[in-house]
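Keep the structure open beside you as you read.

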Number of protein chains: 4
Amino acid sequence: MSKQNAIPVIINGAAGKMGREVVKAVAQASDMVLMGALDTSSEHQGKDAGELAGLSEPLEVPITNQLEPMLGYVAGERQMQPGVMIDFTHPSGVYENVRSAIAYGIRPVVGTTGLSPQRLQDLADFAEKASTGCLIIPNFSIGMVLLQQAAVAASQYFDYVEIIELHHNQKADAPSGTAIQTAQLLREMGKTFNPPQVQEEEKIKGARGSEVGEGIRIHSIRLPGLIAHQEVIFGAAGEIYTLRHDTSDRACYMPGVLLAIRKVQQLKSLVYGLEKIL
Amino acid sequence: MSKQNAIPVIINGAAGKMGREVVKAVAQASDMVLMGALDTSSEHQGKDAGELAGLSEPLEVPITNQLEPMLGYVAGERQMQPGVMIDFTHPSGVYENVRSAIAYGIRPVVGTTGLSPQRLQDLADFAEKASTGCLIIPNFSIGMVLLQQAAVAASQYFDYVEIIELHHNQKADAPSGTAIQTAQLLREMGKTFNPPQVQEEEKIKGARGSEVGEGIRIHSIRLPGLIAHQEVIFGAAGEIYTLRHDTSDRACYMPGVLLAIRKVQQLKSLVYGLEKIL
Amino acid sequence: MSKQNAIPVIINGAAGKMGREVVKAVAQASDMVLMGALDTSSEHQGKDAGELAGLSEPLEVPITNQLEPMLGYVAGERQMQPGVMIDFTHPSGVYENVRSAIAYGIRPVVGTTGLSPQRLQDLADFAEKASTGCLIIPNFSIGMVLLQQAAVAASQYFDYVEIIELHHNQKADAPSGTAIQTAQLLREMGKTFNPPQVQEEEKIKGARGSEVGEGIRIHSIRLPGLIAHQEVIFGAAGEIYTLRHDTSDRACYMPGVLLAIRKVQQLKSLVYGLEKIL
Amino acid sequence: MSKQNAIPVIINGAAGKMGREVVKAVAQASDMVLMGALDTSSEHQGKDAGELAGLSEPLEVPITNQLEPMLGYVAGERQMQPGVMIDFTHPSGVYENVRSAIAYGIRPVVGTTGLSPQRLQDLADFAEKASTGCLIIPNFSIGMVLLQQAAVAASQYFDYVEIIELHHNQKADAPSGTAIQTAQLLREMGKTFNPPQVQEEEKIKGARGSEVGEGIRIHSIRLPGLIAHQEVIFGAAGEIYTLRHDTSDRACYMPGVLLAIRKVQQLKSLVYGLEKIL
């Protein structure tokens, strides 16, 4: 690969679980070059990002905590495509990181969640003025987006639907954010789901699950041995149509991350959600 | 088949949905003879039980509502085995039906639910004194008993378990009686299931389902297109073990009914539950 | 409902299993009127189509075997919308039935399979000349079309896929026609699926299933208790995305049949496949 | 814990994937002490077994390749229970390892597969003469043994059964050894499964899967994103009973390994298979 055509990539949060996975994915992508690896954790400063990620060869990219110099360095690189900064850090720092990147003409791809609607709007305005692409992606799973799109398509023909989500028992909150999001996508169809056929009676409270708005129920299973699974079940007279997504490894997010790195190059403003670039 | 070896069978509730299915099953069993078909519904009096059940040939057994003469007739039959009365009627009449049958030396096999513990005890005493077998079977599904036995076996090695039951949306109560019974069988193991690993938080009430006693959660799905399904999911580090039973037709109860007819012949007292005769 | 706005419907094959289900569905649709019920079986001539279908009230539409007079009668009805003929008959007669209907200006909706490509083309030419809508629908399940469309969408992002289809053990052929069709829809994407990662070895012949073209494998399960089920499983690093359709009753085809009756009114030529009118 | 009551454990193959998992499990078991860690790989000699396994603290047990001295050392330990040697090495060396251990009075627990029936018999004779317990366990998954026992129990009441096994697409052989073993356990019931109801026709070869003996079919799915899964599906009129085991991490074998270490202490001869000690 000639460096002239490559996309230079900086990974912010490179020592975290997702960050390390991204280091590997970028290193293996033929159209990208890892140019910087940032992390605020003191214990990893100076380590090789590739070795930390478990690659057999070092990438000769040391972990550092100096964002601005790195942005300046990549911005000054004239023989490659415009740079991209991947951010898997903390809600506390992501806003400043994104502003800094845009100021240097570096396109942010953000997987960190927790930005307030107000701050999201600020960043959108900032990206707009700078005519710089920026992607905010709360869930990088292409499979989950496909499931949600298929569910929305099915909801035009099915009036009955329930959601089951299953996760390991280290997960404290229920229902999962993704299951709630799936239910909300269906509700936005402006249709009344699950008109009751009988007067239901819960002999034990909670049996019929949680209800998002009026109508769509989510059931949350928590067990060791589970990882992250979601099932959307549509029913009609004489038939059941089920969509299921099972996640067993962070590797499943990498196709979405690489797609985002490639697509953000073509954008001139802030875009929210992986579904917008599929 | 020589009539000498056959088991003479009376079906009480022969015009109901289960009754008709039993008429067919008994008619096709080579070791049984249908001798009487009772039903209190006026519209079916005098009709042929076989034709009503959908058999192509009449059985020449007319529906009647006279129980005592029928019991006397079968009790007087000296060339066959002792008679059996299957009861799929109503909670209001089943107690009297069973007493009458035992009084004539006819063995009852009861699928009708709703007998109070007191009346069950009375019938047990009555059968004991008469040295007459009697089977009370709330669920004739051999598959479900196998599932429950496998769940009890698994509960010795797994500490985490949840139950999902799925039924058509004409079912009003949740959780299903069978799911509650499965959870209670596990609780009787005297073990604490599902010790929490984190402080759970239900962001929407009901997400984590209903809880039988302290520990085993049941989630109830209701959709058209579903029939009757139960799933018991055991989890441990790195593995999931799932038992699932799907019912699509009352035909699935007939092997249990025929087994009960054969086994009640060997009993001298009242026995409760299909699992006792497997 | 005023008869003026209704769609007059003739059902050809009204005494068959699908025909009876269609009789019920049309009778319950507020925008349709059942005007004729045809069947060649001698045993049902003159019977009321509604009673034969299991409705509690007769429809006062007797079963007949005279197609032409019926077509003429419906064609002469000036106060309603143009008539529709549903055909669930036999491969031997369907070609003539469709030609006759079109000749009278009656729109055919055909669920009978087995028309040769040549005869399909003839009918398309015939409908074209007559500017009359005609629908040939080998599978009326909207749920299955949704599954296939979701599978095609997923195939753009997933390179690995296998199909499992499960049917009752009265089904002689394997794989099912619908599973083969699903595999062919994926192959038409022009992509190489399932590039091998290792040299596979079947220790027992057939373990890896059947292969449609080069690449997509179908596995056929046959058991009593199953009805008709299809599962398309996509895999990628760290994730599995599964689409499943379960059929338990012919009722599931009725939304597709009613949709076809409404849509054929707006067509001026022959259209093949339910997916074209969704 | 007082060392007096502990079981001293040697792990042979401690640098392998399973070996490292066993190091962690033994280190965390309150009734065991890791006394030796063997591995023939030159690159790991002298490393701390705990650190290599990913524990945060070193265990102060260095990897060595000297088996005999280690066996002698543990055999000489008089204040603890008799020692146990876990073997997850290679088919080429396991026979000698086991003989050596027994010669020193150390009980072997062997997960290495590939011993010929002849050599297995030799080891059984050797253990018998020495009155020393020895466990040969081809599959340490308690969940899988429970599944197989539940399948055997179900096979008394169900006549129809098929098996689906699903693995990642790095697995070359099909069907999986465990699925074949499950089918053989069912065949040993001495029953004819799956009597055909129709003349089956494979329109594409392989559709109906592989057949173990005459009757039980196994279908093998291979996809990235899958790990290791087995499903045994029983069918009867109107019902389906499914047993499924999903493995996502080697951690799932550790309860079986720890159980074997405890049970081998009570044995006086060679025992084959985890099911014998449940």
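Start where chain B meets chain A: 48 residues of chain B are in contact with 48 residues of chain A. Bear in mind as you look that this is a predicted model. Together the two chains bury about 3500 Å², and carbon and sulfur atoms give 65% of that area.

Now turn to how the copies are arranged. Rotate chain A by 180°, with 0.0 Å of shift along the axis, and it superposes on chain C with an RMSD of 0.0 Å. That is the relation of a two-fold axis. To find the axis from chain A, look for L243(A): its C-alpha is the nearest one in that chain, 2.4 Å away. And 100% of the interface residues of chain A are also interface residues in chain C, so the copies meet through the same surface.

Next, zoom in on chain A by itself. Its domain assignment gives domain 1, made of 3–136 + 251–277, and domain 2, covering 142–247. The C-alpha centres of these two domains of chain A lie 33 Å apart. Seven residues from domain 1 of chain A and four residues from domain 2 of chain A take part in the contact. The area that domain 1 and domain 2 of chain A bury between them is about 440 Å², 73% of it on carbon and sulfur atoms. On the domain 1 side, C252(A), L274(A) and E275(A) lose the most area to domain 2 of chain A, together 72% of what that side buries.

How many salt bridges cross the interface of domain 1 and domain 2 of chain A? The rule finds zero. It also finds zero residue pairs in polar contact there, with both residues at pLDDT 80 or more. As for the side of domain 1 of chain A that touches domain 2, its residues divide into five nonpolar, one polar and one charged.

Let's finish with the charged pairs. Side chains of opposite charge can pair when their charged atoms come close. Over all chains, the structure holds 46 salt bridges. In chain A, K171(A) forms one with D173(A), with the closest N and O atoms 3.3 Å apart. Here K171(A) is buried at 18% relative accessible area, while D173(A) is partly exposed at 22%.

Chain B has a salt bridge between E211(B) and R217(B), at 3.7 Å, N to O. E211(B) counts as partly exposed at 33% relative accessibility, whereas R217(B) is buried at 16%. Over in chain D, the side chains of R208(D) and E200(D) meet at 2.9 Å, N to O. R208(D) is buried, with 4% relative accessibility, and E200(D) is partly exposed, with 29%. Back in chain A, a network of salt bridges links E162(A), E200(A), R208(A), E211(A) and R217(A).

Note on methods:
Residues numbered from 1 in each chain as written. Chains lettered and ligands numbered in written order. Predicted model: local features only at pLDDT ≥ 70, side-chain atom pairs only at ≥ 80, totals over all residues. Heavy atoms only, no water. Salt bridge = Lys/Arg side-chain N within 4 Å of Asp/Glu carboxyl O. Buried < 20%, exposed > 50% of the residue type's maximum accessible area, 1.4 Å probe, protein only. Domains from an automatic or database assignment. Contact = heavy atoms within 4.5 Å. Buried area = accessible area lost by both parts, 1.4 Å probe. Polar contact = N/O pair within 3.5 Å; in protein donor to acceptor, adjacent residues only side chain to side chain. Nonpolar A, V, L, I, M, F, W, Y, C, P; charged D, E, K, R; others polar. Least-squares fit on C-alpha atoms with pLDDT ≥ 70 in both.
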